Amino acid sequence: MKLRVDYKASLRLVGTVLKYLAVPLCFPLVVALYYGESVLPFVVTMAVTVLVGIGLERLTDEPDIGAREGFLMVATTWFAVTLVGAIPFLIEAHGVPFVTSAIHPESTLGNPVNALFETMSGFTTTGATVLGDISFDTHTRSIMMWRQLTQWLGGMGIVVLAVAILPELSVGGAQLMDAEAPGPGIEKLTPRIAETARALWGAYLGLTVLEIVLLYSLHVTGNAPNMDVYNAIAHGLTTMPTGGFSPEARSIEAFSAAAQWVIIPFMVAAGTNFALFWHVLTGEPKRLVRDTEFKSYLGIIGVISAILAAVLFVGDGLVSVAPAGETYDQFYLEGVRTALIGNVEPSIRQSIFQVVSIVTTTGYASMDFNAWSAPTQYGLLFAMFIGGSAGSTGGAIKIVRWYVILKSLRRELFTTAHPEAIRPVRLAGRAVDERAIRGIYAFTLLYLVLFFVSTGVLHLDAARIDLGLSVLESMSAVAATLGNVGPGFGLVGPMGSYLDFSNSSKLYMVILMWMGRLEILPVFVLFTPEYWRR
Amino acid sequence: MHIRTRSPTERYDRGWSNVRVIIVGAGQVGSSIAADLDATHEVVIVDCDPERVDELNYSLDVLAIHGDGTSVDTLEDAGIERADMVIASTDDDETNIVVCATAKAVSSAFTIARVKNTEYLRTWQHSEKAFGIDFMVCTNLLAAESIVRVVGLPAARDVDPFAGGEVQMAEFEVDDDSPVANQTVSEADRFDSLTFAAILRNGAVTIPRGDTIIRPGDRVVVIGSPQSVQGFATSISPDESPGTAEEVVIVGGSEIGYHVARLLEERGFKPRLLEQDPERARELAEQLPGTIVMESDATDIDFLEREYIGDADLLVSALDSDEKNLLVSLLAARLGVERTVAVIDTTPYVDLFEAVGVDVGVSPREVVAEEITRFTREGGAENVALIESDKAEVLEIEVDADSVLAGRPIRESVTSLPEGVVVGAITRQREFITPRGDTVIEPGDHVVVFADSSVVGDVAPKL
């Protein structure tokens, strides 16, 4: 059989990306030096990634990237950086043979499957964790910072970053970015794709820095005692990519209300199309308020938050007795009930924070929403399918797709009554191409089918090892990994972890996160024979 | 200040008979213009068909020359160096543009071009004098506008578009039954973007105040956005003017059909447009968000009945062939459509079609010929409309920094202007702004000003 995909060209570019992965690895290295921790996890990883990268680059001299090679390159890149990115976690748990012993042998990431899960969850900005214990007792500060950094690198996209920086990717760049970027199609902001990529990364970097500065200034002014420099940077690195990792075991609950209020708008910004920020900065601020998707996005957040805030305020949104074996106890529950019921600001804040976090697929939590009543949790489960805007760092189905689907359904109703009528589906006054609509239907259907099938798979596998997972928990685990949200409900709730799943389930979810980040099709297409032949 | 249209009037001071007009293209439009002008102007007509040239030399009091209007030699034969005006009216847009550009290159004559393609018109409106053309007339757009005028404002005596159609000025007669009769202006003014510019009573022009009473028999002049003028038309005579709830069906997605739909959309109608060709139908549906486009043959009786086309109040037939338009109009009338309008390409058929049963026939060529003739006669009054034979004038001006209007609220700036001046409408970057006392006019805005003739001379320089 003759392959019709120039896989060498794809792998060569994967090599280039891997080679440059050594540069961001310098950041945790510096953190390690600062705290006097071992630098070996990072030095070894840098050596591996550079060597593998250079090796792959030798495959061919002239990479010619077409549409097919683009899919392969993007999908492979994400898997390759995950493999390499897991190395520091493994070294921390096992040490390097003949050189050094383990730093924290008790780390749950010593299991390679766990390390892979944690890294994929990082790069895909999911934020689902398999750490047994989130604290600096079982992990070094530098390792925890690397965990945060994987999310920041994955947020705007590793390939987009590569296109921005590497001149050899400029020609096929649009192809590659299209395969990676969330949402249907990419918007070229400038004639040169590399400049577009740089503009997007510039906005991303700028917002990240702004958030770090704001969070730290809260600390300096005494409004957020726990938000020291380390935490400000760590959370800055996982808000803008809609990541959700936190070096604090209690996620954002560990911080003051002021810090929570500062994080909310940055999560909202992270779920916004970054092209809009570029328009605002280049003197077209009107584009932001005129954008249909942005308006719908704010509207959806507003409506769901308002409903949940009301439910929390009157007390119906919280359970009254903590069941045994939950991630919270009666004492915690009493505290939450006293804080929320009848109090306006906490109800609104907790509602908005959780809704924004879930809709944008960030996955932070400012309280353990396992303590929410079942109907309220279903509200959040529903929100997991909405997703951020196209061109944001958020996951799931995306607002613009839902918008187009709803409008085209309305059109179906109209054309049922008037079969001859021609009605284009309009997005902000512009007609949407019928092929694009078909693509959106196909994606959404595939997403939902994958969700149901995967729920079944996970539920069965959990029953096999007697995990005692409820259907809601299984559904939330799939929605949270496929949609790159992070936390689900119950066992996998915001203060829980995915640690208890079997290795096979974890590997399955690694694939789900990978497909979810690349929006399924670029990964799925690799498994069709038509892709490789003819 | 700068009045957007150069008025060639001053050059006519020598008297009408000396004005030399060269017309290139002696088709229906060209010869019709020539026939209208030959008594008052010195007309030279150029065409490449020798037989046509011979015929015109005998039938009209003009000089007909055989030749190619785009060549300098031919134009020189026609006396371009002494010409005051060149009218390019062939059936080909590009030829007309080249004729004007050539004429501009070798002379200082005022150039008028007739085009079909609205893109050219848009380009020209962006920067007037583009292509060396001083005045451009777009056949399809004019025809559509005249259909919409018939359709939309039958109660109006006169409608003039300003600022590229964003602003309309209309004159209405108020009769005894009209709901606004015996109301004050402030009572009658229920529309956001409408200004009462003048009331014409017994041959005198009054600039209305809020407490001026509108009497039966008055003629009121209003300036505003097309929707508000439409709304006012409905309120002034509910029986005659179709409300926007009325059903309009346009048959045929030709350029004219498209523009009719677009203009009706602008006025708040929700027309239906039938087009047979799937691709064209899709294209139209994308361009016309407020129109329901249907892909069907307009002679398909089943379809017409299923969609209750017979209940429509008005049907505009804008297909490519005259015969089809006749057929569709007659069919529609039989199904029960109240009024039918047909686009008729061959001008002589208009009377015939109207005799057979089409309610209104509109000939694009005739409309264009009329417009060019009117323009030539009136001396370039494109954006300067005259009301009631010179009693008042409407000027469209682009405000610059030196204008008394610039940079302050209208309430203040009118104090430095004489009585009898009304700021009727403002457009900023093609968007309509309703002038109110506290509106601040910015340099670059286009302002439609209504002024009593007696003060126009004083006002113009200040603006």
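**Briefing on chains A and B**

A:S251 counts as buried, because 25 C-beta neighbours lie inside 10 Å and the cut-off is 20 or more. The model is predicted. Chain A contains 24 helices and 3 strands, and one of its strands pairs with a strand of chain B in the antiparallel sense.

**Two loop residues with positive phi**

- A:S251 is not a glycine, yet its phi is positive, at about 50°.
- The loop that holds A:S251 runs between helix 11 (229-239) and helix 12 (257-270) of chain A.
- A:T125, also a residue other than glycine, has a positive phi, near 60°.
- In chain A, A:T125 sits in the loop that links helix 6 (112-123) to helix 7 (141-156).
- A:T125 counts as buried because it has 34 C-beta neighbours inside 10 Å, against a cut-off of 20 or more.

**Overall form of chain A**

- Chain A is made up of 24 helices and 3 strands.
- Its radius of gyration is 23 Å, close to the 24 Å that the globule rule gives for 534 residues, so chain A is as compact as a globular protein of that length.
- Along the principal axes, the C-alpha atoms of chain A fill a box of roughly 75 × 65 × 55 Å.
- Buried residues account for 52% of the 534 residues of chain A.
- When contacts in chain A between residues at least 6 apart in sequence are considered, 74% of them join residues at least 24 apart.

**Nonpolar cores**

- The largest nonpolar core comprises 155 residues.
- The residues with the most contacts inside this core are A:V74, A:V160, A:V163, A:M177, A:V355, A:M384 and A:A479.
- Leaving aside residues up to four places away in sequence, A:V160 touches A:M177, A:E180, A:A181, A:A197, A:L200 and A:W201.

**Contact between the chains**

- Chain A contributes 9 residues to the contact and chain B contributes 12 residues.
- The side of chain A that touches chain B consists of 4 nonpolar, 2 polar and 3 charged residues.
- A:A421 has B:M294, in strand 15 of chain B, as its bridge partner.

How values were computed: Residues numbered from 1 in each chain as written. Chains lettered and ligands numbered in written order. Predicted model: local features only at pLDDT ≥ 70, side-chain atom pairs only at ≥ 80, totals over all residues. Core = buried A, V, L, I, M, F, W, Y, C linked by C-beta atoms within 7 Å. Buried ≥ 20, exposed ≤ 12 C-beta atoms within 10 Å, placed from the backbone. Contact = placed C-beta atoms within 7 Å. Helix = DSSP H or I, 4+ residues; strand = E, 2+ residues; numbered from the N terminus. Rg over C-alpha atoms; globule rule 2.2 N^0.38 Å. Nonpolar A, V, L, I, M, F, W, Y, C, P; charged D, E, K, R; others polar. Pairing = 2+ DSSP bridges.
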